[in-house]
Amino acid sequence: MLRYILSRFGQSLLLLLIVSFIGFAVLNLAPGGPLSQFALSPGMTQEQIDKIAAQMGLDRPLIVQYFDWLQHMLVGDWGTSYRDGQPVLHVIESHLFATLLLMGTATSISITLGSTIGIFSALRRRSVFDYAMTVASMVALSIPTFWFGLIAIYIFALNLGWLPAGNMYTVGDGSVLNYLKHLIMPACVLALVDVAVWSRYMRTSTLNVINQDFVRTARAKGLTRRRVLFKHIVGNSLVPMITLAGLQLPMVLGGALVTETVFTWPGMGRLFLDSLGYSDYPVVMGLLMASAMLVLIGNLAADIAVALIDPRIALE
Amino acid sequence: MTAATTTPPVRQPFIKSRALRRFLSHKLAMIGLFMVLGLTFACFVGPYLLPYDELYIDLRARFAPPGTGGHIFGTDPLGRDLAARLFHAGQISMAVGFAVMVIATTVGSVVGVVSGYYGGKISAVLMRVVDAFLSFPSVFLLLALAAFIQPGPVMIAVIISATSWMEVARIVEAEVKSLRNQDFVQAAHMLGLSGRWIMFRELLPNAIGPIIVAASLTVARAILLEAYISFLGYGIQPPLPSWGNLLNGAQQYLGSAPWLAIVPGLAITIAVTGFNFIGDGLRDAFDSRAQGQ
């Protein structure tokens, strides 16, 4: 087991290295580059730009810059923001909580709702409910998240006035209820796509479990339907879902970026867009790395959890 | 004499390909096809039937609600006809979708077939790159790319492809790996055919089913991604309309002119749903094993 965990950990590190290289290449090979913002200011001569480049070390070969950046990153120095001179890691940290809160809530909603729909679809296979949910989930997968957010704001904030249209809390009101009121709409909007994905996979997974011998044995023992469902079917069909939760992370994170924009939620997505607007390269790079790290950590955690539940996996 | 030896004619089905027949009898796929064809027709023929040009500005008719003054979907903050803009936007969004399908499917297939055929170190390296690309949330990577390039429809299609080829690569790799040891490939080896011939003339045609399925889903994904980045202001730039950038300014007029948000979003949803339905139908058509589920 330990060997499996260590080898998965090593793979993740290797992947992170490739990810960092791709991210670095993407940002630095793009025309313009980090210096393009200086070229825009009036009265700036090429000579001055070259000077800045030399000061910031941007005139060195890209590969040297990469290893320099990597070295600093490994010891926790992710550079400083071009915008306000704050350390990148600090800037990201101050936006991390809001994003994790949004993603966590959305994922809880989608797991609960999606699994329930999936199990019922599987139990009543080819019923009207099953068919309706199949179609509904495919439509849900096709709705642009930000548009769904706009429609939700139009209905629940503008017309009904039940919920606030944006932000994380009302200034001066730090109560939990206030946070909840602001959280519920963006979380539900973000959860929509995931509910669809979860219900599909849960349906397939439940169908696989239902047809296995131990379920037949449990029924043959004379256990009640309810007991078989909760003790034998649900638990076992949830195991592959742990892996799915890890694989879904990039999608949820990407969705969070868009949702945060629509609901002016002060998380990493908003920070990312703001930083792009300011050509704040160190923060953009830091956020690319942070999001990839979140994804890799999520996948690693999911794989380890599955291996702990089902030790056969570690032996393969 | 000859008449006695002829066998009684077997009734040939009108459409020979079994996959095509299965696809045509797939209800959801047909609905999807109808949605996509209808929308394509509207986008390419619609502009000629409308009384207004998509760039005609009528400041007296700003924020006209749908149905008034010959504006079936109303007008935008400059008094331009939303229907005309929507149809033109559709041409661009769908063109981007198809361009991405072609580029991403080609790149993905080549990476997949090379990786699956050679295996070993080449496969390990290529598949790690695929994994690495999949570790980024694609919207993040896409925005980072889009922010620093000159955004035109062609570049947008290229960068969306850059974040969409990985799934095809994975699918093709898995398919090729399972085909690699079959008799017809061994036979091709024995004939002394080159690796390139075997990969592109023997293996790839045999993996065409999953590739077509992935391609149809890629169109759906590309239209969505274009909408995301254009909505955020980094995609296709006005005055060139796209479904995403029509929604770009819609949020601030949500209270006064909700149709500006509702109409383009519906168009996106219909198009993407259509392609997803078609993809689902194709999957069932090519994969007879899935029939039982």
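How many residues of chain B are in contact with chain A?

What we have on the screen is a predicted model, so local features are taken at pLDDT of at least 70 and side-chain atom pairs count only at pLDDT 80 or more, while totals for chains, interfaces and linings use all residues. Residues are numbered from 1 along each chain as its sequence is written, and chains are lettered from A, with ligands numbered from 1, in the order in which they are written.

Back to the opening question. In chain B, 42 residues are in contact with 39 residues of chain A. By contact I mean that the C-beta atoms of two residues, placed from the backbone, lie within 7 Å. On the chain B side, the elements giving two or more residues are helix 5 (120-135), helix 6 (138-147), helix 11 (208-231) and helix 13 (259-286). Helix 13 of chain B gives the most, with nine residues. Sorted by class, this side of chain B has 30 nonpolar, nine polar and three charged residues. For the classes, Ala, Val, Leu, Ile, Met, Phe, Trp, Tyr, Cys and Pro count as nonpolar, Asp, Glu, Lys and Arg as charged, and the others, Gly among them, as polar.

Now let's take chain A by itself. Chain A has 13 helices and zero strands. Those elements are DSSP runs numbered from the N terminus: H or I of at least four residues for helices, E of at least two for strands. The C-alpha atoms of chain A fill a box of roughly 85 × 55 × 35 Å along the principal axes. Of its 316 residues, 37% are buried. Buried here means 20 or more other C-beta atoms within 10 Å of a residue's own, exposed means 12 or fewer, and partly exposed is in between, with C-beta atoms placed from the backbone. If you take the contacts in chain A between residues at least 6 apart in sequence, 72% join residues at least 24 apart.

Which two helices of chain A pack with their axes 8 Å apart? They are helix 10 (225-262) and helix 12 (residues 281-309), and the angle between them is about 175 degrees. The axes are lines fitted to C-alpha atoms, for helices over the stretch in contact, and angles run from 0 to 180 degrees between N-to-C directions. Helix 10 and helix 12 of chain A are therefore roughly antiparallel, a label for angles over 145 degrees, with under 35 called roughly parallel, 65 to 115 roughly perpendicular and the rest oblique.

Just after helix 9, A:G222 takes a positive phi of about 95 degrees.

On to some backbone details. Most residues other than glycine have a negative phi, and most peptide bonds are trans. A:R126 is not a glycine, yet has a positive phi of about 65 degrees. You'll find A:R126 in the loop between helix 5 (88-123) and helix 6 (128-142) of chain A. Is A:R126 buried or exposed? A:R126 counts as exposed because 10 C-beta neighbours lie inside 10 Å. A:T264 also has a positive phi, near 40 degrees, and sits in the loop between helix 10 and helix 11 (268-277) of chain A. With 13 C-beta neighbours inside 10 Å, A:T264 counts as partly exposed.

Chain B has its own detail: the peptide bond from B:P238 to B:P239 is cis, with omega near 10 degrees. B:P239 is in the loop between helix 11 and helix 12 (243-246) of chain B. Overall, chain B comes to 13 helices and zero strands, and 48% of its 293 residues count as buried.

Last, the record. An unreviewed UniProt entry annotates "transmembrane region" at residues 28-50, 92-118, 203-236 and 256-279 of chain B. Positions are in the numbering used here, feature names are shortened, and such annotations may be inferred rather than shown by experiment. In the model, residues 92-118 of chain B are 100% helix and 0% strand, with end C-alpha atoms 39 Å apart. Residues 256-279 of chain B are 88% helix and 0% strand, with end C-alpha atoms 38 Å apart.
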